[in-house]
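Trainee: Can we go through this one together? I would like to start with the charged contacts.
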Amino acid sequence: MTQPLVEIRNLSRIFRRDSVEVVALKDINLDIPEGDFLALMGPSGSGKTTLLNIIAGLDKPTSGVVRVGGIEVQRMNEDELAEWRNHHVGFVFQTFNLIPVLTAFENVELPLLLTGLSGQERREHVLTALKLVGLADRVDHYPRQLSGGQEQRVAIARAIVTDPTIILADEPTGNLDARSAEEILTLLQQLNEQLHKTIILVTHDPRAAHYAKHERHLEKGVLLPPGVTYTVEERA
Amino acid sequence: MAIPLKYNFRSLFVRRVSTAMTVLSIALVVAVFVGVMALATGLEMALVTTGDPLNVLVRRRGSDSELSSFISREAFQAMRFLPGVQMNADGAPIASGEIVVVINLPKRGEQKGSNVTIRGVSPVGLALRPQLHIVEGRLFQPGLREVIVSRRISERFEHTSLGDRLRFGKGEWKVVGIFDAGNTAFDSEIWTDVNQLASDYHRESFSSVLLRATDEAAVKEIINRIENDRRYNLLAQPEVEYYEEQTKAAGPIKLLGMFIAIVMGIGACFAAMNTMYAAVTYRTREIATLRVLGFKRGSILLSFLTESLLLALIGGLIGCVLVLPIHGITTGTANWQTFSEIAFAFRITPELLLWGMSFAALMGLFGGIFPARQAARQSPAAALREG
Ligand SMILES: Nc1ncnc2c1ncn2[C@@H]1O[C@H](COP(=O)(O)OP(=O)(O)OP(=O)(O)O)[C@@H](O)[C@H]1O
Ligand SMILES: [Mg+2]
């Protein structure tokens, strides 16, 4: 059997502030094979973002191991992590996080500036990525000139332009209306099915799960077994 | 490749008001700094360019300047025939006995008066300063109460225009010419016939003597002979050196300039720091995003430092442009050695502008380093959570 792309072993994350301890993640074990599209669900505060951050090397686990493509993420220092993220991780945020003073083109080009590509090569990559998300005609628009859905598509183009190993999306539809949300989810599904991108999608949205291949639920820092859904208590 | 410069440039324009205020404060500091330095440079240049390397100026030992010095006619005659003194075409030694007095004149448009140097010279004295030339009117005639006035003095003092009459000595003197002495100390003087001046002031002796040596070796020779002559107790010195010593007045002005600039500079540094801290806080999320995309801490530090530098250099550039028009404006100050007015022009040299820009850069770097460090150190995970 081939090695899973992401291996998480006995992962815990405890936040300590003064004397208060918050157990954000408790003894998580999870394998994600290459080419998977996993929807990670759970109520607010269940530890979804924390898990995603640890996989991306933006946060360190209190204990346990995260391996991505065989590399132990938590062992790298800040600079190694930065370079590793540039090559292997595409991140999509709930709030898009485009740089407001840069155009769509320039935003998508940003991660490529860290590669050795020539200006001409960068241009080709950027245009390909923007075409893929359906924004070939918005290349020179600034974020404020785009709709929320379009902004998120630019952000997705920025996440895929370096051809990363894995795409991590933290509630990418959280700030979008239903229609735009569906467009984004469809786009992610296409990236998975047609370009075989491995995607972890963190979401509250039960509809999102229909687009993913698998679905796992977190509750109070504990990863529930496959097929078990978290108890709906606080949601209206 | 680093974070592109256009990112910093455009970001500065997003926060227009705060950027403009900081740019203005840095511009002001640079303008004041360059302005005061231009004053000092002008003063220095006015005096340093004075003198010919072959000229030897003789005055009484113990007197700071020509004004407080006296040399007997007998000593003058002895000096004229020292070996090494150059002869002119007529076979006469090139040596000029001169008298220097000071009169008080009212400044144009002001009640206040100031001391102005009057120099009595012979035709040889004129030949010794070939850089001096008449720009209006004519030369004074020996034996008449006539004077020529430097253009700078004429611009700044009453009764010194062509055709005006000046009262000093025993009566009225007519201004018959205006001269330009090529940015030397003589640009702050009024010249007349030495004999007429001597008779008006009952002077038996000269104030100073200027000699032209045949060559550089002769300069040393003449100085040695005069200084070793026990009869007269005189001090001989290359003319260039004498005027260089008088530039000491520029020292305190420079010091003052530096002091004002540093005090104001510290203020501007804080303005820059404030702007940059605000920028870092405002862009917390952007910084975190850049880190997520793979930019290292060093890149973030460099980017914000660059932004601060950019801010300061824009300020510096505006400051330089603001101060440029003062170049060439004539002003005056008291010469601390002679207690008379030195007229000179503000001099803004390319070197001075470079200093101004460097000073601006320094303010940018100091103002930017702490905010840039804060930007580089922030944790992306925490920043994204706060957003
Ligand atoms: N830096 C931190 N310091 C202290 N506590 C933290 C920190 N980051 C997260 N937590 C806590 O860890 C728990 C999990 O947080 P996390 O953000 O992972 O939840 P989440 O599932 O993403 O929630 P949401 O759906 O609201 O985004 C929460 O109780 C949160 O308060
Ligand atoms: Mg979250």
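Mentor: Then the term comes first: a salt bridge here is a side-chain nitrogen of Lys or Arg within 4 Å of a carboxyl oxygen of Asp or Glu. This is a predicted model, where local features need pLDDT of at least 70, side-chain atom pairs count only at pLDDT 80 or more, and totals for chains, interfaces and linings use all residues; side-chain values use heavy atoms, with hydrogens and water left out. Residues are numbered from 1 along each chain as its sequence is written, and chains are lettered from A and ligands numbered from 1 in the order in which they are written.

Trainee: OK. What does E172(B) form a salt bridge with?

Mentor: The partner is R167(B), and the closest N and O atoms are 3.9 Å apart.

Trainee: Which residue does R16(A) pair with?

Mentor: R16(A) forms a salt bridge with E21(A), with 2.8 Å between the closest N and O atoms. R16(A) has a relative accessible area of 56%, so it is exposed. E21(A) is partly exposed, at 47%.

Trainee: What about E286(B) and R283(B), buried or exposed?

Mentor: Both are buried. They form a salt bridge too, and their closest N and O atoms are 3.6 Å apart.

Trainee: Which residues are linked in a network of salt bridges?

Mentor: In chain A, E7(A), R9(A), D31(A), R67(A), E72(A) and R75(A) are linked that way.

Trainee: Switching to the surface. Which residues gather in a patch of negative charge?

Mentor: D64(B), E241(B), E244(B) and E245(B). Patches are made of residues with over 30% relative accessible area and no salt bridge; like charges are joined within 9 Å, and nonpolar side chains (Val, Leu, Ile, Met, Phe, Trp, Tyr) within 5 Å. Lys and Arg count as positive and Asp and Glu as negative, while His and the chain ends are not counted. The place of a charge is taken as NZ of Lys, CZ of Arg, CG of Asp or CD of Glu.

Trainee: Where is E241(B)?

Mentor: E241(B) sits in helix α8 of chain B, residues 239–246. Helices (H or I, at least four residues) and strands (E, at least two) are DSSP runs, numbered from the N terminus. E241(B) is partly exposed because its relative accessibility is 38%.

Trainee: Which residues form the nonpolar patch?

Mentor: M258(B), I262(B), I266(B) and F270(B), with about 410 Å² of accessible area together. Accessible areas come from the Shrake-Rupley method with a 1.4 Å probe, and for residues only the protein chains shown count as cover. M258(B) belongs to helix α9 of chain B, residues 250–282, and is partly exposed at 41% relative accessible area.

Trainee: Backbone next. What is the phi of N10(A)?

Mentor: Near 50°, a positive value in a residue other than glycine. Most residues other than glycine have a negative phi. N10(A) lies in strand β1 of chain A, residues 6–17, and is partly exposed, with 42% relative accessible area.

Trainee: And D18(A)?

Mentor: D18(A) also has a positive phi, about 55°, although it is not a glycine. D18(A) is in the loop between β1 and β2 (20–32) of chain A. Its relative accessibility is 77%, so D18(A) counts as exposed.

Trainee: How far apart in space are I94(B) and A383(B)?

Mentor: They are 83 Å apart, C-alpha to C-alpha, and 289 residues apart in sequence. I94(B) is in the loop between α3 (73–80) and β2 (95–106) of chain B, and at 13% relative accessibility it counts as buried.

Trainee: Last topic, confidence. Where in chain B is it lowest, and where highest?

Mentor: pLDDT is the predictor's confidence in each residue, from 0 to 100. In chain B the lowest mean is 67, in strand β11 (residues 330–334), and the highest is 96, in helix α10 (residues 284–293). Chain B averages 89, and 96% of its residues score at least 70. The model scores ipTM 0.94 and pTM 0.78.

Methods:
Buried means under 20% relative accessible area, exposed over 50%, partly exposed in between (1.4 Å probe, protein chains only).
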